[in-house]
Amino acid sequence: MADSLYERLGGKDAITAVVDEFYDHVVADEQVAHYFDDVDMQAQRAHQTQFISSVAGGPVEYSGETMETAHANLDITPSDFQAIAAHLEDALVAFDVEENDREAVLDAVSSYQDAIVTAAD
């Protein structure tokens with residue numbers, strides 16, 4: 001049986017490292033940093049690690065709010081969503097995640113775009 005995406009990513013510790021790298025880039029990006037001004041980033045990083053672990057087929061179930069509820073009042077635009085996705089891809093590249101696995105993670109995250117994006121550009 002082939003390794004799951006979660007295992008190919010390196011499990012919880014590796015996903016945690018990718019998430020840390022990802023948020024370092026996000027909060028440094030003037031376009032999207034404002035979404036995190038009043039956010040407990042330690043808790044946010046933990047939720048994101050749980051979310052990516054879950055969508056990657058890990059032995060983790062995401063227990064946060066639904067995507068719709070969590071993002072309902074944020075007025076996230078398509079270009080902001082794409083900027084954040086680009087930061088995730090950059091973090092995956094920084095940790096030498098193979099292209100097919102990067103695409104699988106990005107596809108899983110992109111499947112939630114309609115629930116996350118609530119404003120026009």
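Which hand does the crossing of H2 and H5 have? I looked this up before anything else, keeping in mind that the model is predicted.

**Entry: H2 and H5**

I find that the crossing of H2 and H5 is right-handed. Helix H2 covers residues 11-28 and helix H5 residues 78-94. Their axes are 8 Å apart, and the packing angle is about 135°. I therefore noted H2 as oblique to H5.

I then listed the residues in contact. From H2 come Val-18, Glu-21, Phe-22, His-25 and Val-26. From H5 they meet Ile-84, His-87, Leu-88, Ala-91, Leu-92 and Ala-94. By class, I have eight nonpolar residues, two polar and one charged in this contact.

**Entry: H2 and H3**

I turned to the packing of H2 against H3. The angle here is about 130°, with the axes 9 Å apart. H2 and H3 are therefore oblique to each other. H2 passes H3 in a crossing that I again wrote down as right-handed.

On the H2 side I noted Lys-12, Ile-15, Thr-16, Val-19, Asp-20, Phe-22, Tyr-23, Asp-24 and Val-27. On the H3 side the partners are Met-41, Gln-44, Arg-45, Gln-48, Thr-49, Ile-52 and Ser-53. I have these residues as seven nonpolar, five polar and four charged.

Phe-22 is in my list for H5, and Phe-22 is also in my list for H3.

**Entry: aromatic pairs**

How many aromatic pairs does a search of the whole structure find? I have four. I wrote up two of them.

The pair of Tyr-23 with Phe-36 is edge-to-face, at 5.6 Å centre to centre and with 70° between the planes. Tyr-23 is in helix H2, while Phe-36 is in the loop between H2 and helix H3 (41-55). They are 13 residues apart, and I recorded the pair as a link between distant parts of the chain. Tyr-23 has a relative accessible area of 2% and is buried. Phe-36, at 15%, counts as buried too, because the cut-off is under 20%.

The pair of Phe-51 with Tyr-112 is also edge-to-face, at 5.3 Å centre to centre, with 70° between the planes. Phe-51 lies in helix H3, and Tyr-112 lies in the loop between helix H6 (99-110) and helix H7 (113-116). The pair therefore ties together parts that are 61 residues apart in sequence.

Ring pairs link Phe-22, Tyr-23 and Phe-36 into one.

**Entry: Gln-44**

Gln-44 sits in helix H3. Its relative accessible area is 23%, and I noted Gln-44 as partly exposed. Which residues does Gln-44 contact, leaving aside its neighbours within four places in sequence? I find Tyr-23, Phe-36 and Val-39. Tyr-23 and Phe-36 are the two residues of the edge-to-face pair at 5.6 Å.

The C-alpha atoms of Gln-44 and Met-67 are separated by 13 Å, and the two residues are 23 residues apart along the chain.

Notes
Residues numbered from 1 in each chain as written. Predicted model: local features only at pLDDT ≥ 70, side-chain atom pairs only at ≥ 80, totals over all residues. Heavy atoms only, no water. Axes fitted to C-alpha atoms, helices over the stretch in contact; angles between N-to-C directions. Helix = DSSP H or I, 4+ residues; strand = E, 2+ residues; numbered from the N terminus. Parallel < 35°, antiparallel > 145°, perpendicular 65-115°, else oblique. Left-handed = near helix turned anticlockwise from the far one by under 90°. Contact = heavy atoms within 4.5 Å. Nonpolar A, V, L, I, M, F, W, Y, C, P; charged D, E, K, R; others polar. Phe/Tyr/Trp six-rings, centres within 6.5 Å; stacked < 30°, edge-to-face > 60°. Buried < 20%, exposed > 50% of the residue type's maximum accessible area, 1.4 Å probe, protein only.
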